[in-house]
Amino acid sequence: MNRSKPTHFRNSLNLRDKVQVKILRKRLKLTDEQFRSVLRKSGISISAIAKEAATLK
């Protein structure tokens, strides 16, 4: 039974994982709309999302 291991990247956000998205959004203290706009601007890199979220506050 050879199964492929799931690939997890520490520095990028998996948008399909609802728990990961919810935890990051709550950690950054952003609303859903703010989080969406930050994602549009910065992409899925967690460090870029954090930097962009800091500029909102």
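Predicted model: local features only at pLDDT ≥ 70, side-chain atom pairs only at ≥ 80, totals over all residues.
The protein chain contains three helices and zero strands, and its elements follow the order α-α-α from the N terminus. The radius of gyration is 13 Å, well over the 10 Å that the globule rule gives for 57 residues, so the chain is more spread out than a compact globule. Along the principal axes, the C-alpha trace extends over about 50 × 15 × 15 Å.

The largest nonpolar core is made up of eleven residues: Leu-13, Val-21, Leu-24, Leu-28, Leu-30, Phe-35, Val-38, Leu-39, Ile-46, Ile-49 and Ala-53.

In soluble globular proteins, nonpolar side chains tend to be buried together.

Ile-46 is one of the core residues. With neighbours within four places in sequence left aside, Ile-46 is in contact with Arg-10, Asn-11, Ser-12, Leu-13, Leu-24 and Arg-27.

For the protein chain as a whole, 23% of the 57 residues count as buried. Of the contacts with a separation of 6 or more, 37% join residues 24 or more positions apart.

The accessible surface of the protein chain amounts to about 5,100 Å², and carbon and sulfur atoms contribute 53% of this area. The chain carries 15 positive and 4 negative charges, whose mean positions lie 7 Å apart.

Technical notes
Residues numbered from 1 in each chain as written. Heavy atoms only, no water. Core = buried A, V, L, I, M, F, W, Y, C linked by side-chain atoms within 4.5 Å. Buried < 20%, exposed > 50% of the residue type's maximum accessible area, 1.4 Å probe, protein only. Contact = heavy atoms within 4.5 Å. Helix = DSSP H or I, 4+ residues; strand = E, 2+ residues; numbered from the N terminus. Rg over C-alpha atoms; globule rule 2.2 N^0.38 Å. Areas by Shrake-Rupley, 256 points an atom, 1.4 Å probe, with all protein chains shown as cover. Lys, Arg positive; Asp, Glu negative; His and termini not counted. Charge placed at Lys NZ, Arg CZ, Asp CG, Glu CD.
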